[in-house]
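Please read the points below with the structure open beside you.

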Amino acid sequence: MANSTLHLPIIDLSSADRISAANSIRQACMDSGFFYLVNHGIEKDLFQRVFEESRKFFMLPIEEKMKVVRANHRGYTPLFMEKLDPSLTSKGDSKESFYIGPLEDTTTPSNLNQWPSEELLPHWRPTMEDYHCRLLDVGKRLSSLFALSLDLDEDFFVQVGALNEPNGFLRLLHYPGDLGISDQQLYGASAHSDYGMITLLATDGVGGLQVCREKLGQPQVWEDVHHINGALIVNIGDMMERWTNCMFRSTLHRVLSTGQERYSMAFFLDPNPECVVECLKSCCSDSSPPRYPPIRSGDYLQERLRLTYA
């Protein structure tokens with residue numbers, strides 16, 4: 001049976017009517033947890049350069065990519081090493097990825113991020129750092145609209161410390177296409193909801209992304225999310241659902257293996273690890289008490305990631 005297309009609202013980040021934009025975000029997050037974001041300030045040229053540098057990395061020989069294999073949640077994750085839906089019998093999701101965490105100050109001794117060889121990819125690191133910084137700025141500007149959408153002060157997420165050195169992770173994704181495996185259902189990314197606060201996704205136009213709005217419904221109904229040139233696809237994660245007492249929906253989504261090679265780039269804006277996530281006063285009442293106890297953002301994300309890579 002053919003899937004229907006999910007028609008998502010388009011939010012203009014540059015709109016002078018911030019209340020109207022915030023109300024549109026509120027409705028989108030109650031309906032599906034997904035929307036398109038336009039006029040975000042990231043130029044077409046930068047998108048093209050990041051996609052091109054991403055392709056160059058994933059085209060490297062596996063032994064070169066394994067020199068920066070994932071550690072401290074940074075670096076390269078090979079094909080089939082992750083399974084977002086643990087109930088599946090397949091060996092893993094048919095994608096490879098590269099994580100770039102918060103950018104360190106040059107004075108920071110930790111330097112947890114890993115970078116491919118400058119000799120092989122001379123423009124890779126500066127391109128990714130530029131894109132990471134720009135997305136972090138978009139996420140912060142968007143967070144003020146989220147605050148307004150929840151009847152909070154515009155700077156609420158700053159006030160509670162969420163955006164004081166937030167956890168911004170950029171994930172480059174490569175879905176190879178036809179892997180010649182026909183004896184099992186393969187997913188580029190199996191069904192999951194994101195773990196954190198806000199996700200900003202850029203895609204190369206190749207299809208495959210699907211959303212299931214009723215994650216507890218059976219049978220599950222999946223709807224296609226199409227690419228819009230220049231737009232970021234935004235969705236909220238489980239932490240935002242938790243903050244809003246499930247008023248905003250962290251929705252199941254997946255990427256089907258279509259047989260076509262596909263690239264995308266997801267940016268996860270998560271709160272500072274010390275930020276305490278607890279039910280917002282505007283999202284609870286006597287008839288709708290808090291469903292979850294307060295928890296440190298870092299503790300919550302660490303446990304979710306541990307289960308993913310167990």
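1. A patch here is built from residues with over 30% relative accessible area and no salt bridge, where like charges are joined within 9 Å and nonpolar side chains (Val, Leu, Ile, Met, Phe, Trp, Tyr) within 5 Å. A salt bridge is a side-chain nitrogen of Lys or Arg within 4 Å of a carboxyl oxygen of Asp or Glu. Accessible areas come from the Shrake-Rupley method with a 1.4 Å probe, and for residues only the protein chains shown count as cover. By this rule Ile62, Met66 and Val69 make a nonpolar surface patch of about 230 Å².

2. The model is predicted: local features need pLDDT of at least 70, side-chain atom pairs count only at pLDDT 80 or more, and totals for chains, interfaces and linings use all residues. Residues are numbered from 1 along each chain as its sequence is written, and side-chain values use heavy atoms, with hydrogens and water left out.

3. Val69 lies in the loop between α3 (62–65) and β4 (75–77); helices (H or I, at least four residues) and strands (E, at least two) are DSSP runs, numbered from the N terminus. With a relative accessible area of 33%, Val69 is partly exposed. The classes are buried (under 20% relative accessible area), exposed (over 50%) and partly exposed in between, for a 1.4 Å probe and protein chains only.

4. An open sheet with mixed pairing is formed by 5 strands, in the order β1-β10-β9-β12-β7. Its edges are β1 (4–5) and β7 (187–192), each with a single partner strand, so one side of each has no neighbour in the sheet. Strands count as paired if DSSP finds at least two bridges between them.

5. Which strands pair with β9 (residues 209–212)? One is β12 (residues 252–256), antiparallel to β9 over 4 bridges; another is β10 (residues 223–224), also antiparallel, joined by 2 bridges. Gln210 has Arg254 as its bridge partner in β12 and stands opposite Asp224 in β10. Both faces of β9 are covered, with Leu209 and Val211 buried on one side and Gln210 and Cys212 buried on the other.

6. Asn245 sits in the loop between α6 (238–243) and β12. It counts as buried at 4% relative accessibility. The side chain of Asn245 reaches the backbone oxygen of Pro289 at 3.2 Å. Beyond its neighbours within four places in sequence, Asn245 is in contact (heavy atoms within 4.5 Å) with residues including Cys279, Cys283, Cys284 and Arg291.

7. Ala266 belongs to strand β13 (residues 262–270) and is buried, with a relative accessible area of 5%. Not counting residues up to four places away in sequence, Ala266 touches Phe169, Leu170, Arg171, Leu173, Thr199, Leu200 and Leu201. The C-alpha atoms of Ala266 and Leu135 are separated by 9.9 Å, the two residues being 131 residues apart along the chain.

Terms used
A polar contact is a pair of N or O atoms within 3.5 Å; within protein, one must be able to donate a hydrogen and the other to accept it, and residues adjacent in sequence count only if both atoms are side-chain atoms.
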